[in-house]
Amino acid sequence: MVQKMTRIKKPVIDLSDCILCGVCQDVCPEVFWLNDAGYIEILELLDYPCSGVDDAIKNCPADCIAWE
Ligand code: SF4
């Protein structure tokens, strides 16, 4: 049996640049979450919705979201 080794594409946030505006959570709440500790968290998913993450990347005013 041939096993496919696919790397999951995952978004990352540079928290040092994040201004906690909440836009990413607004446009893609299934991935981005402003947690109780007061910073944006990337939820653990098996697959990330590309269009939602791309929207968050496009709309992030601090330009601190990227694909890993
Ligand atoms: S949109 Fe960008 S700056 Fe705003 S909370 Fe999300 S990661 Fe931070």
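**View 1. The shell around the ligand by residue class.** The shell around the ligand has 13 nonpolar residues, one polar residue and no charged residues; Ala, Val, Leu, Ile, Met, Phe, Trp, Tyr, Cys and Pro count as nonpolar, Asp, Glu, Lys and Arg as charged, and the others, including Gly, as polar. Cys18, Cys21, Val23, Cys24 and Cys60 come nearest of the 14 residues around the ligand (near: C-beta atom, placed from the backbone, within 6 Å). The model is predicted: local features need pLDDT of at least 70 and side-chain atom pairs count only at pLDDT 80 or more, whereas totals for chains, interfaces and linings use all residues. Residues are numbered from 1 along each chain as its sequence is written.

**View 2. The largest nonpolar core.** Cys24, Cys28, Val31, Phe32, Ile40, Val53, Ala56, Cys60 and Ile65 form this core of nine residues. Such a core is a set of buried Ala, Val, Leu, Ile, Met, Phe, Trp, Tyr and Cys residues joined through C-beta atoms within 7 Å. A residue is buried if 20 or more other C-beta atoms lie within 10 Å of its own, exposed if 12 or fewer, and partly exposed in between, with C-beta atoms placed from the backbone.

**View 3. Leucine 20.** Leucine 20 lies in the loop between β1 (11-13) and α1 (23-27); helices (H or I, at least four residues) and strands (E, at least two) are DSSP runs, numbered from the N terminus. Although not a glycine, leucine 20 has a positive phi of about 60°. Leucine 20 counts as exposed because it has 12 C-beta neighbours inside 10 Å.

**View 4. Aspartate 63.** The loop between α2 (50-59) and β4 (65-67) holds aspartate 63. Its phi is positive, about 55°, although aspartate 63 is not a glycine.
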